[in-house]
Amino acid sequence: MEMAVTLNNVVKRFGDFTAVDHVSLGIRKGEMFGILGPNGAGKTTIINMLLGLIKITSGNIHILGYDAKSQMAEAKKHIGMMTQETIVEAELTGRENLEMYANLYHIPKDEIQSKVDEALKEVDLYDFRDRRAGMYSGGMQRRLNVAKAMIHNPDILILDEPTVGLDIQNRVSMWNHIKRLNEKGVTIIMTTQYLEEADELCDRIAIIDHGRIKAIGTTSELKRLVGNGRILEIIAEKDDIDDIREIFEKDFGMKTVLEGDRIRGEIEEGKLNMLSKMLAQMDKRKLKVHSVSMHLPDLNDVFMKLTGSALRDTTGEMSSPRSIMWRR
């Protein structure tokens, strides 16, 4: 399948700090590709390199066949970008916001009105086109940002944390808009910290941590990395956690991950009867357990297996891509 974007052995260093460490991946045309990882993992740095906002230290990137080092100006004509930050001109109407962006993208004047109307309809803002954007709700402003990113009909749309700060209703609404764009053939590259978002939207996902790709695949392929068993999670009194972990590891040979008052481990397929024995041991030692649950592996379990921790809030990466306009 033809590739929209390829990264080959890409490295980005800031002084002594390596933000992206020999990353190679290919994103297919028409694909919805997710980059999943915690803050500081290297996601935004990769996006900044795809946008030409920062220079590659070594390796190479190609975007629709254009070399990002020598042909970035041409590549930018085919890319739309929505940043984490919601950026609207509050005193302008929704229509005027898009007209301004259309002019900045040098869209021919006789095409601007039709493109603005089409974009407003795409994000369900046409009926609010003459209302000042500052009066829009947070979800409406995020949708207006999508419309701005798409006003020049790019082949590739980059979404950096597209639903950050939205409530669940607006998040699901945004998912539907993103799906419709992808169904029209737009290649979408998105970063996210929301596991359910990546699971719901993405054809394939790259899990990145500390600047390195840990795994790439469909959600089904990634989940198989955990195994065919069940994930056991126990919440208990903090004073009893170490004793419960000892039962898991020493008595039953189970590898565990500890998160505060939670212990997680995998029970292999065919050994699910172990649970009753484990509970009996805990009861015998009078250990206080608040809840016990089992589930099939999900993306959080994959992430924990590959990185040793859940998605965490870290620092050290560059801020989100700057809001810029690209000239045709």
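Modeller: Two strands pair if DSSP finds at least two bridges between them. Helices (H or I, at least four residues) and strands (E, at least two) are DSSP runs, numbered from the N terminus. This is a predicted model: local features need pLDDT of at least 70, side-chain atom pairs count only at pLDDT 80 or more, and totals for chains, interfaces and linings use all residues. Residues count from 1 along each chain as its sequence is written, and side-chain values use heavy atoms, with hydrogens and water left out.

Start with the sheet. It is open, with 6 strands in the order S6-S7-S8-S3-S9-S10, and its pairing is mixed. Strand S6 (79-82) and strand S10 (212-217) stand at the edges; each has a single partner strand, so one side of each is left without a neighbour in the sheet. From one strand to the next, the twist averages 15° (angles run from 0 to 180 degrees between N-to-C directions of axes, lines fitted to C-alpha atoms, for helices over the stretch in contact).

S6 runs parallel to strand S7 (residues 156-160), joined by 4 bridges. Glycine 80 sits opposite leucine 157 of S7.

Elsewhere on the sheet, helix H11 (residues 299-307) lies across strand S3 (32-36), strand S9 (204-209) and S10. H11 runs at about 40° to S9.

Now helix H1 (residues 43-50). Here 8 of the 8 residues are buried, so H1 is largely enclosed by the rest of the structure (buried: under 20% relative accessible area; exposed: over 50%; partly exposed in between; 1.4 Å probe, protein chains only). Just after H1, glycine 52 has a positive phi of about 75°.

Helix H4 (residues 109-122) comes next. Its buried residues are Ile112, Lys115, Val116, Asp117, Ala119, Leu120 and Glu122. Their cover includes helix H3 (94-104), helix H5 (138-150) and helix H6 (168-183). Just after H4, aspartate 124 takes a positive phi of about 60°.

The axes of H5 and H6 come within 10 Å and cross at roughly 15°. That makes H5 roughly parallel to H6 (under 35 degrees; over 145 is roughly antiparallel, 65 to 115 roughly perpendicular, the rest oblique). From H5, the contact (heavy atoms within 4.5 Å) is made by Gly139, Arg142, Arg143, Val146 and Met150. From H6 come Asn170, Ser173, Met174, His177 and Leu181.
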